[in-house]
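Here's a quick tour of one protein model for anyone new to reading structures. Have a look at the sequence and the 3D view, then work through the points below.

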Amino acid sequence: MSKTLQFELWHTCLNRCKFCYLQGDQETPRMDMIRNIEEAYDIIKDEETWKEYDTVSFIGGEIFQGEMDNQIIIDRWFTLVELLVDYHKKGLIKQIYFCATLTFPKIRALWATLDYFADCYDGLWILTSYDEEGRFHTEEYKQNWLDNLNYIVKFYPKIKVNTTVICTGAVCQKYLENPNYFKELEDLGTSLFLKVPSRPKLYKTNKEANEKMKLNFFPTRELFLEFITELGNNRPDLLDKMCNINLRADTLIGKWKNQSFTSNRDKSTYMEEFDKETEFVMKCGHISTYNAYLNEDGCALCDIEIIKGQLNG
Ligand code: SF4
């Protein structure tokens, strides 16, 4: 069984999605960005690491849309990339995941990073996300995302792409109106992972979040149940993958509120390190991140399990 080591290199991101958990905290000092890459380098360089893990994943903020605006950061990044290529070729690292937003037109840092892997693309993944509102601020953002995805599929056909879709109220409605909604995305050349909306720390309730963000973000429980029932009937594979914590990294190493941290996820209980100021454990035992409804408290994870049980008879 493969184990994934994930690095959260920084909180800097120029995309500023309305629903992002980094709301109000989207800037990491450049010295910290440099140090974080160096720390990641040291951990990856240690061959002992790859006796426990075989997959490495990089999340930002965002790395490739202009966030590396300093030559020292760029140099450190590509030194790290050279190490990744070396260990990938030696078979120490089997899979490498790069998170990429793909919404800006000139993402040269991503293309340059991918080019380092020119003769070893197998096992390389781009993880991106699709949200019609909140992430694609204008039609141009959406078109850039489509163009960049097409570019990867055309010029880097061996690289796999996975797209996360947050099942917002808007997405639930769109899928119920158009059962091909997810298929149309898959036809672009990406696999899909569905997740439930979670509340940015800035807002105290889901209702407040919907109002302030001006998004149809959190669905009502009734709408969500209808959505997952339809999804389970038509695409049980997508419902099975939805919120599947086994598809997430085992260990996250990063920097948060100026403190380095390592968080290990307990996949048997869905518990993970959580922000005790804004999250809590619900009666069902899941963390409040899954309290995902507009009009009432409830656990989306528990509801998914109930619907799956009903559909499986
Ligand atoms: S692209 Fe990701 S990190 Fe950047 S603002 Fe959006 S959700 Fe946050």
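This is a predicted model: local features need pLDDT of at least 70, side-chain atom pairs count only at pLDDT 80 or more; totals for chains, interfaces and linings use all residues.

Numbering starts from 1 along each chain, as its sequence is written.

**Around the ligand**

- Which residues surround the ligand? They are Cys-13, Asn-15, Arg-16, Cys-17, Cys-20, Leu-22, Gly-60, Gly-61, Glu-62, Thr-101 and Arg-135. A residue is near a molecule if its C-beta atom, placed from the backbone, lies within 6 Å of it.
- Gly-60 and Gly-61 are joined by a cis peptide bond, with omega at about -5°.
- Gly-61 sits in the loop between strand 2 and helix 3 (71-89). Helices (H or I, at least four residues) and strands (E, at least two) are DSSP runs, numbered from the N terminus.
- Arg-16 belongs to the loop between strand 1 and helix 1 (30-45), and its phi is positive, about 50°, although it is not a glycine.
- Is Arg-16 buried, exposed or partly exposed? Arg-16 is partly exposed, because 13 other C-beta atoms lie within 10 Å. The cut-offs are these: buried means 20 or more other C-beta atoms within 10 Å of a residue's own, exposed means 12 or fewer, and partly exposed is in between, with C-beta atoms placed from the backbone.

- Most residues other than glycine have a negative phi, and most peptide bonds are trans.
- Cys-243 has a positive phi too, about 60°, although it is not a glycine.
- You'll find Cys-243 in the loop between helix 10 (236-241) and strand 7 (251-256). Cys-243 is buried, because 21 other C-beta atoms are within 10 Å.

**Strands side by side**

- Strand 1 (residues 4-8) and strand 2 (residues 55-59) pair in the parallel sense over five bridges. Two strands pair if DSSP finds at least two bridges between them.
- Strand 2 also runs parallel to strand 3, joined by four bridges.
- Ser-57 in strand 2 stands opposite Gln-6, and the bridge partner of Ser-57 in strand 3 is Tyr-97.
- Strand 1 is mostly covered, with four of its five residues buried. Strand 3 (residues 95-99) is mostly covered as well, again with four of its five residues buried.

**Helices that pack**

- Helix 6 (residues 169-177) packs on helix 9 (residues 221-234) at about 45°, with the axes 10 Å apart. That angle makes helix 6 oblique to helix 9.
- Helix 9 also packs on helix 11 (residues 300-311), at an angle of about 40° and with the axes 10 Å apart. So helix 9 is oblique to helix 11.
- Axes are lines fitted to C-alpha atoms, for helices over the stretch in contact, and angles run from 0 to 180 degrees between N-to-C directions. Angles under 35 degrees count as roughly parallel, over 145 as roughly antiparallel, 65 to 115 as roughly perpendicular and the rest as oblique.
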